[in-house]
Amino acid sequence: MGSNGGDSAKWMLERVEIDRINDVPINEDPPEKRNVNIAFDRTNSGAKRRNGVVLQPRMGRIQSSATRGLKSLRFLDGAGKEGDAWKPVEKRFNQNAVNGMLMREKFGAVIGMADSKEFAGELFNTLARRRQFDASNGITIDQMRMFWEDMTSQDIDSRLQIFFDMCDKNGDGKLSEDEVREVLVLSASANQLNKLKQQAAVYAALIMEELDPDHQGYIDIWQLETLLRGMVSSTDETTKFRRTQTLTKTMIPKSYRNPIMKNLSKAVELVHENWKRIWVLGLWLTINIILFIFKFKQYRNKAAFQVMGYCVCVAKGAAETLKFNMALILLPVCRRTLTKLRSTFLSIMVPFDDNINFHKMVAAGIATGTFLHVIVHVSCDFPRLIYCPRNKFMRYLGMDFNYKQPTYADLVQSVPGVTGIIMIILMAFAFTLATHSFRRNVIKLPWPFHYLAGFNAFWYAHHLLVVVYVLLIIHGYFLFLTHEWYKKTTWMYVMVPICLYASERTLTSIHDHNHHVNIIKAVIYTGNVLALYMSKPPGFKYKSGMYLFVKCPDISSFEWHPFSITSAPGDDYLSVHIRALGDWTTALRESFAKACEPQSTRPAKGRLMRLETKAVTDYDASLSPAFPHIIIKGPYGAPAQNYKKYDILLLIGLGIGATPFISIIKDLLNHMKQNSTQDLVDRKGPQRAYFYWVTREQGSFDWFKGVMDDIADHDQDHVIEMHNYLTSVYEEGDARSALIAMVQSLQHAKNGVDVVSESRIRTHFARPNWRKVFAQLASTHASSRIGVFYCGSATLTLQLKKLCQEFSHNTTTRFQFHKENF
């Protein structure tokens with residue numbers, strides 16, 4: 001697919017295929033010119049005049065694949081919707097026009113190019129020249145309508161002519177190298193490609209070298225059309241996608257063709273896909289219900305029931321579930337224990353990947369139990385105790401209260417009352433700061449309350465729960481209605497989980513000295529990404545896809561932050577890539593930046609990047625700058641570590657979310673280097689890996705350029721298929737990215753290097769068509785188990801999950817979805 005460059009050389013000048021010509025006169029142009037005068041059908045037979053230059057009509061020809069490909073060249077957003085786009089354009093014109101006149105600066109906002117003002121301005125000038133308008137004082141709504149008709153014209157010749165006119169600023173009908181360079185700079189700016197912008201002169205020279213072999217110093221419009229043949233691929237791929245979809249539909253099993261059987265099969269598939277979650281959730285609910293009923297019946301037969309009735313039964317039942325959940329909530333966050341359990345037979349039955357979701361679900365159970373326990377007590381039990389007739393109170397509950405009927409204040413000021421109130425306050429505070437809005441710093445609080453938002457506030461607030469557990473044990477010991485110590489069961493519930501969690505934290509602190517690492521290399525990339533290459537501690541064994549925690553005592557003595565391991569298990573070093581997003585990561589990046597500043601003899605950047613796939617053997621500690629002190633702990637398990645149990649891998653990373661999959665790719669590459677590709681296929685594990693990396697910054701590709709080059713060097717049988725997508729570049733067919741697409745194809749065909757990533761892996765523009773990706777995988781790998789691993793923001797999670805379910809239901813291929821959100 002996109003990783004090997006395809007047949008990008010097909011459209012180069014020396015391999016132009018000539019389409020069938022209609023009505024060729026014998027005494028027409030000489031043979032040497034006949035092969036090139038094939039540009040387009042003209043809408044009229046007369047000569048055309050532009051800026052005083054007469055353009056003679058050229059020979060007509062049958063519409064070719066290249067001509068069809070040119071139809072995708074557009075100047076307005078929304079392919080296929082340009083015909084009904086005038087109303088929103090008219091609306092935006094009225095919003096931006098002043099006294100009925102639209103200025104050049106507002107033209108981009110009207111046509112949907114608000115973020116490409118320079119490009120829109122040049123388009124405005126071009127359209128004004130074509131219409132011979134004096135647009136220095138703006139244009140009217142009627143003139144805007146004419147501009148819109150030109151941009152949305154279905155005449156492919158007209159669209160190409162507009163694009164050519166944008167390049168040909170002096171209107172002489174020829175494109176000079178300077179004009180090509182200027183449009184390249186304009187396109188690079190519109191697509192946020194700073195590196196390409198800096199090298200625009202080089203790529204302009206490359207275009208002239210290929211399309212001006214006679215060194216005339218210019219290129220004609222027919223040569224621009226030749227270059228646009230590279231855009232045909234998008235049309236061909238769409239046709240191929242439709243065929244793939246048709247083929248996929250023929251693979252639907254019989255059990256899915258009948259509507260009733262389809263719904264039944266979906267239900268069966270849903271249970272089969274989520275059976276681990278279902279039985280764990282069912283077990284948890286069952287235990288909670290049993291405990292509630294047990295305590296409810298127990299107090300139904302006690303003397304307190306005669307005074308407080310069913311209120312005390314409900315309150316005590318809720319308290320019993322509360323004790324159980326307070327004990328259970330610690331288990332999902334015992335990371336070291338869970339990492340070991342992942343490698344046991346229990347992983348077959350327990351969904352360890354959902355530990356945080358289960359932690360949140362138990363927290364919801366605690367909140368529910370607490371609410372029910374408190375509300376019933378303060379609104380029902382307390383009033384009944386206070387207003388109960390004295391004789392009745394003394395007969396049933398006198399001994400429990402030392403024969404003194406309490407007031408409301410007495411109950412609130414008692415040990416259970418005070419501890420209960422403090423617990424509610426602390427739990428409400430910790431639970432609130434753990435919500436998404438606070439933890440992700442979505443909510444913006446005024447000073448000085450802004451410290452309550454962010455990860456640090458969440459982390460430290462959660463440590464207040466240590467106090468809550470102490471108060472919980474005290475609260476459960478000083479009960480009014482229970483006196484025997486062995487019946488005060490709160491401490492029995494929480495003892496084992498507290499000891500397990502405390503031992504994990506204690507052992508981690510004790511063994512910190514084994515995880516002090518030396519920094520071998522530190523690389524700061526564009527995009528605020530810090531890459532750390534560290535010595536591997538003795539006995540530090542991990543699997544690709546795992547993560548570790550990093551602490552920098554120079555910044556904070558208490559903060560630990562998780563990062564995916566980007567080195568492979570076979571490497572003799574550890575590496576992590578850290579993006580500076582919060583306070584701690586920003587401080588870490590700045591600390592390493594300062595440490596590297598005095599070094600005037602730092603190794604070349606390319607050499608550092610090659611270290612991403614090679615062992616570090618030339619480290620000289622005497623030449624190392626004074627890097628900040630780093631301590632790590634781990635490794636810890638993650639969903640991606642189980643990638644070897646699938647036939648095919650689909651790895652999807654958004655931005656820095658590519659990090660857990662880089663380790664997997666490196667692991668596969670290391671096996672390729674050590675063994676033959678056939679050995680890799682024969683061994684137990686995935687036979688193919690598709691890696692889709694979607695990022696919005698061109699500089700992001702520097703992070704793992706060495707990995708991309710290694711794929712091109714060592715993966716001769718295409719076991720790994722890598723697809724890079726740059727979302728800052730407009731999709732193929734958009735006029736703002738047309739010239740960039742041409743340059744990319746030309747450069748990759750000639751030198752095998754991508755102009756965007758500067759690696760040998762070709763970059764796609766805009767976002768992937770995920771439905772198309774899944775349809776092609778289902779068609780190519782029928783009856784296979786495909787592991788879909790996603791790491792990135794939560795915005796794409798639901799879409800990918802639904803596609804996995806849909807194609808698992810409608811094809812013989814089974815997609816299993818795993819996610820890590822950050």
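Select methionine 492 first. At 35% relative accessibility, this residue counts as partly exposed, where buried means under 20% relative accessible area, exposed over 50%, and partly exposed in between (1.4 Å probe, protein chains only). Methionine 492 sits in helix α24. Helices here are DSSP runs of H or I with at least four residues, strands are runs of E with at least two, and both are numbered from the N terminus.

Before going on, note that this is a predicted model: local features need pLDDT of at least 70, side-chain atom pairs count only at pLDDT 80 or more, and totals for chains, interfaces and linings use all residues. Residues are numbered from 1 along each chain as its sequence is written, and side-chain values use heavy atoms, with hydrogens and water left out.

Now widen the selection. Met492 belongs to a nonpolar surface patch of about 1100 Å², with Trp485, Tyr486, Trp491 and Met495 also among its members. Patch residues have over 30% relative accessible area and no salt bridge; nonpolar side chains (Val, Leu, Ile, Met, Phe, Trp, Tyr) are joined within 5 Å, like charges within 9 Å. A salt bridge puts a side-chain nitrogen of Lys or Arg within 4 Å of a carboxyl oxygen of Asp or Glu. Areas are Shrake-Rupley values with a 1.4 Å probe; for residues, only the protein chains shown count as cover. Colour α23 (465-477) and α24 (490-510): these elements give two or more residues to the patch.

Go inside next. Select Leu184 and Phe691, the residues with the most contacts inside the largest nonpolar core, which has 66 residues. A nonpolar core is a set of buried Ala, Val, Leu, Ile, Met, Phe, Trp, Tyr and Cys residues joined through side-chain atoms within 4.5 Å. A second, separate core of 26 residues includes Phe107, Leu123, Leu127 and Leu186.

Backbone stops follow. Proline 448 is in the loop between α21 (436-439) and α22 (455-462). Another cis bond runs from glycine 634 to proline 635, omega near 0°. Proline 635 lies in strand β9 (residues 630-636).

Jump to asparagine 402. Its phi is positive, about 55°, although it is not a glycine. Asparagine 402 is exposed, at 67% relative accessible area. Find it in the loop between α18 (390-397) and α19 (408-413).

Finish at serine 783, with phi near 60°. Serine 783 is in the loop between α31 (770-780) and β14 (785-792), and counts as exposed at 60% relative accessibility.
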